[in-house]
Amino acid sequence: MRKLLKWTGITVGALVALLLIFYLVTYLSTNRRIHKQYTVQVKPLDVTVDSAMLAYGSHLFVVKGCFDCHGRNLEGRVFINDPKLGVFAGSNLTKGKGGLPVSYDDKAWLMALRHGLTPEGKPLLIMPSYEYAKLSDYDVASIIAWCKTQPAVDHELPLIQVGPLGHLLTFFDKIPLIPAEKVDHHYQAPAMVKKEITPAYGKYLSISCTGCHRDDLHGGPNHVPGGVPVADITTKGNLGKWSQEQFMMALRTGKTPEGKQLNNEDMPWQMTTAYTEEELSALYLYLRSL
Ligand code: HEC
Ligand code: HEC
């Protein structure tokens, strides 16, 4: 009996030690990725502020989901606060207290949006730059122009902290913690994409859906453990049965033809509700072609 207890103790001890070593390895590996220094060529962009660009920039800030993580007034907000996953806050994007430094210029904005990097070349965490890197020059310039002209808000946010589960999920590439790794830093974005009701324009818009619905839009498991599965939004899913009106209704009200009320925390329909008729029609055309 004594011997058995001793051996059980040794086995449990060895397992715990192995687990600790394993965690240490994953922690050190992700930590190195988080602090990696990047060197990128930032293509300069003309961000002259005109009224058409400002109005469009304000629209893009909503339809690209920026407000979900940065707040309606760009004041920043904590969007994940979980002892296991970590604490994640979208920055205060104004020049108020707790916001961007005075030195934050157009190049810094481009580093963030097109490369997922700070002005010093370090990765921004969770900020979905792999989607924004594909936006046209005109779209990116419009977003920057509008953001830059918003009033300062004083709002201090907690520092970002990656929890143990955050490290593990990053190690196994289950969450996009380090978007800079997913960005093609040599991508040459188009100068402008024509706004028209065509599958091509729908495809361009659908980049905003790929972060969750995957590149092929077939969906899959949720990035957040325990989260609802991400639906297939090609004709293989429910969408194959929906008319254009039903599709628009679902994206504007969160209510699907099957009678399901989508939760904005799962499927951000408060973002898609702001899409124009033209944008939703183009998206529908494209998704129905898949
Ligand atoms: C899923 C959440 C999320 C969305 C959506 C998002 N961001 Fe971010 N963003 C973040 C987080 C988190 C940070 C801070 C990252 C860090 O400090 O490591 C950040 C940082 C930034 C920065 C750099 C600021 C700084 O503190 O250095 C800019 C600029 C920015 N975001 C602009 C935008 C714009 C514009 C959009 C929409 C086109 C957007 N973000 C959408 C989460 C998000
Ligand atoms: C933040 C992640 C996220 C983004 C971004 C996102 N979705 Fe979703 N979407 C989901 C999840 C999760 C579900 C499943 C929700 C559920 O089952 O309750 C879903 C469900 C849907 C549904 C309902 C499908 C059905 O069968 O009922 C449609 C339609 C949809 N999304 C379209 C889009 C489109 C179009 C975009 C881009 C403009 C988009 N989504 C962007 C996460 C996202």
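Let me begin with the layout: the chain is divided into domain 1 (51–182) and domain 2 (199–288), with bounds that come from an automatic or database domain assignment. This is a predicted model, in which local features need pLDDT of at least 70 and side-chain atom pairs count only at pLDDT 80 or more, while totals for chains, interfaces and linings use all residues. Residues are numbered from 1 along each chain as its sequence is written, chains are lettered from A and ligands numbered from 1 in the order in which they are written, and side-chain values use heavy atoms, with hydrogens and water left out.

The chain has twelve helices and three strands, taken as DSSP runs numbered from the N terminus (helices are H or I with at least four residues, strands are E with at least two). Of its 290 residues, 43% count as buried, where buried means under 20% relative accessible area, exposed over 50%, and partly exposed in between, with a 1.4 Å probe and protein chains only.

Turning to how the domains meet, their C-alpha centres lie 23 Å apart, and the contact (heavy atoms within 4.5 Å) takes 20 residues from domain 1 and 18 residues from domain 2. Between them the two domains bury about 1400 Å², 55% of it on carbon and sulfur atoms, buried area being the accessible area (1.4 Å probe) that two parts lose on being put together, summed over both. On the domain 1 side, Val63, Lys64 and Glu131 lose the most area to domain 2, together 33% of what that side buries. Across this interface the rule finds zero salt bridges, a salt bridge being a side-chain nitrogen of Lys or Arg within 4 Å of a carboxyl oxygen of Asp or Glu.

Now to the metal: which residues are the protein donors of the iron atom of ligand 1? They are His70, through NE2, and Met127, through SD, lying 2.0 to 2.2 Å from the iron, where donors are N, O and S atoms within 2.8 Å of the metal (3.2 Å for Na, K and Ca), and sites may look incomplete because water is not among the atoms. His70 lies in helix α3 (residues 66–70) and Met127 in the loop between α4 (106–115) and α5 (129–132), so the pair ties together parts that are 57 residues apart in sequence. His70 counts as buried because its relative accessibility is 10%, and Met127 counts as buried at 16%.
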